[in-house]
Amino acid sequence: MAEAVALRQANPAGQWLDTLAAWGLAILWILPLAYAVWTAFHPAEFSAKFSLTAPLTLENFARAWEAAPFARYFLNTTLLVSLILGSQLLLCTLAAYAFVRYEFRGKNVVFALVLVQLMIMPDVLLVENYKTMSRLGLIDTLFGIGLPYFASAFAIFLLRQTFKGIPKELVEAATMEGASALQILWRVYVPLAKPVYVAFALVSVSYHWNNFLWPLVVTNSVNSRPLTVGLQVFASADQGIDWSIITAATLLTAAPLLLAFLLFQRQFVQSFMRAGIK
């Protein structure tokens, strides 16, 4: 690390190029968002016409909200991501704790199988998952959307690596005090892993808030349709294309994630830096 820093200091041209590339990527990333914000807050005639004197308006948001049941979509999505996150935190915490605390036959093989799941794209399992949900009678339900994601190989791996870094002295002290296995988990492991839980929660909520393909396949009605699918139906060609209203609806759906990113970006980065791979 010290050699890399010294090399960079000795090569100001390379450092300048790195900074320029970073700014270029940042501008490319923010341009679509800037266009969406401009179009959503201005009348339709200014969607492709940039004028500093263009009037601001909230009418696009009002029309988008009235044109589709976004209140129901927001409720469905909030319930869905909460259900998935709660299940993941519970199941993955118990699994990671078992991998760290207990010795059992085939432990390494089981953990290797967990890691294999990281290399399998969820889209590959669409057909089999749909057949399973159909047999269980869970088609077009929030539980059916979330069930395939109730366990996360990534969360198990991340928590296992974090739990392995917790000093054994703390566990031994808790054991001497008469704490049970679950009490040790709740009072020792979980509090020390809070930054990792925050980081994973942000990743999980972001992914499932934006997940589109599986909810599209398994839902048929407004009662279970999340925001991503509702937005696609709202913006379909047969509804007519009004970019001002469409971008307003897009900002409505993305606003919670953007707000969470702005509020927790520092904790998010620091959590992964602290967790690392020990």
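Biologist: In this predicted model, are α8 and α11 roughly parallel or roughly antiparallel to each other?

Modeller: They are roughly antiparallel to each other. Two packed helices are described by the angle between their axes and the distance separating those axes. Here α8 and α11 pack at an angle of about 165°, with their axes 10 Å apart, and because angles over 145 degrees count as roughly antiparallel, the description of this pair follows from its angle. The crossing in which α8 passes α11 is right-handed.

Biologist: Which residues make the contact between α8 and α11?

Modeller: From α8 come Phe154, Ala155, Leu158, Leu159, Thr162 and Phe163, while α11 brings Val196, Tyr197 and Phe200.

Biologist: Which residues of the largest nonpolar core touch the most other members?

Modeller: As a general idea, nonpolar side chains in soluble globular proteins tend to be buried together. In this structure the largest nonpolar core has 26 residues, of which Leu159, Phe163, Ile184 and Tyr189 touch the most other members. At least two residues of this core are supplied by each of α4 (70-101), α5 (107-117), α8 (153-164), α9 (168-176), α10 (181-192) and α11 (194-210), and the largest share, six residues, comes from α8.

Biologist: What is Leu159 in contact with, leaving aside its neighbours within four places in sequence?

Modeller: With those neighbours set aside, Leu159 is in contact with Cys92, Thr93, Ala96, Val196 and Tyr197. There is also a second, separate core of 20 residues, including Ala36, Ala248, Leu251 and Leu257.

Conventions
Residues numbered from 1 in each chain as written. Predicted model: local features only at pLDDT ≥ 70, side-chain atom pairs only at ≥ 80, totals over all residues. Heavy atoms only, no water. Core = buried A, V, L, I, M, F, W, Y, C linked by side-chain atoms within 4.5 Å. Buried < 20%, exposed > 50% of the residue type's maximum accessible area, 1.4 Å probe, protein only. Helix = DSSP H or I, 4+ residues; strand = E, 2+ residues; numbered from the N terminus. Contact = heavy atoms within 4.5 Å. Axes fitted to C-alpha atoms, helices over the stretch in contact; angles between N-to-C directions. Parallel < 35°, antiparallel > 145°, perpendicular 65-115°, else oblique. Left-handed = near helix turned anticlockwise from the far one by under 90°.
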